[in-house]
Amino acid sequence: MEKRILGLDPGLAILGFGVITCKQSPSKIQDTTVDMVDFGVISTSSDAEMGQRLCTLFDDLHTLIQELQPDLVAIEKLFFYRMSSTILVAQARGVLMLVLGQHRLPYLEFTPAQIKQALTGYGNADKSDVQAAVARELNLETIPKPDDAADALAVALTASFQM
């Protein structure tokens, strides 16, 4: 059995994505292999008006989902830094949730602490520890760049551990 998981790290300026496949052995449920399919970011220009930036996210997310055909989506839950940036991320997240609803895709949400715990065993791990765990779990020679894409892969991996 194979499942394709799309991990998303929501943002207005940069939305990270990472796609993995999880293959379970029919004979051993614990024998699961995880492979990276793709990763990257959707970027919007700070020079563009808000409506145009949200339209870019909407259109690019539709295209991404059509191309990658995920079975499940994993999303990092909104984390409050500064109120002004939180509102912008919340607007981008609303577009993301709309697109998922239009595609009727199931999704899971994880807090940053849950992602850190799943990948490193420690809920207050450093970003570098999480990124190193992503590279290790996916047998990558280097840590995926930019950070938003590595974070999205971490979210996807967290979902794969739930299977």
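Reply: We can begin with one residue. The model is predicted, and in it Asp9 sits in strand β1.

Me: Is Asp9 buried or exposed?

Reply: Buried means under 20% relative accessible area. Asp9 has 9% relative accessibility, so Asp9 counts as buried.

Me: Which residues does Asp9 touch, leaving out those up to four places away in sequence?

Reply: Contact means heavy atoms within 4.5 Å. With that sequence limit, Asp9 touches Ile14, Leu15, Gly16, Glu76, Asp148, Asp151 and Ala152.

Me: Where does Asp148 lie, and what does Asp148 touch beyond four places in sequence?

Reply: Asp148 is part of helix α5, residues 147–161. The contacts of Asp148 at that sequence separation are Asp9, Ile14, Gly16 and Val41.

Me: What does UniProt place at Asp9 and Asp148?

Reply: An unreviewed UniProt entry gives the feature "binding site" at Asp9 and Asp148. They are spread over 140 residues of sequence but cluster in space, with a largest C-alpha distance of 6.3 Å.

Me: Which strands pair with β4?

Reply: Strand β1, residues 2–9, pairs with β4 in the parallel sense over 4 bridges. In that pairing, Leu6 has Val73 of β4 as its bridge partner. Strand β5, residues 107–110, also pairs with β4 in the parallel sense over 4 bridges. There, Ala74 has Leu108 of β5 as its bridge partner.

Terms used:
Residues are numbered from 1 along each chain as its sequence is written. This is a predicted model: local features need pLDDT of at least 70, side-chain atom pairs count only at pLDDT 80 or more; totals for chains, interfaces and linings use all residues. Side-chain values use heavy atoms; hydrogens and water are left out. Two strands pair if DSSP finds at least two bridges between them. Helices (H or I, at least four residues) and strands (E, at least two) are DSSP runs, numbered from the N terminus. UniProt positions are given in the numbering used here, feature names are shortened, and annotations may be inferred rather than shown by experiment. Buried means under 20% relative accessible area, exposed over 50%, partly exposed in between (1.4 Å probe, protein chains only).
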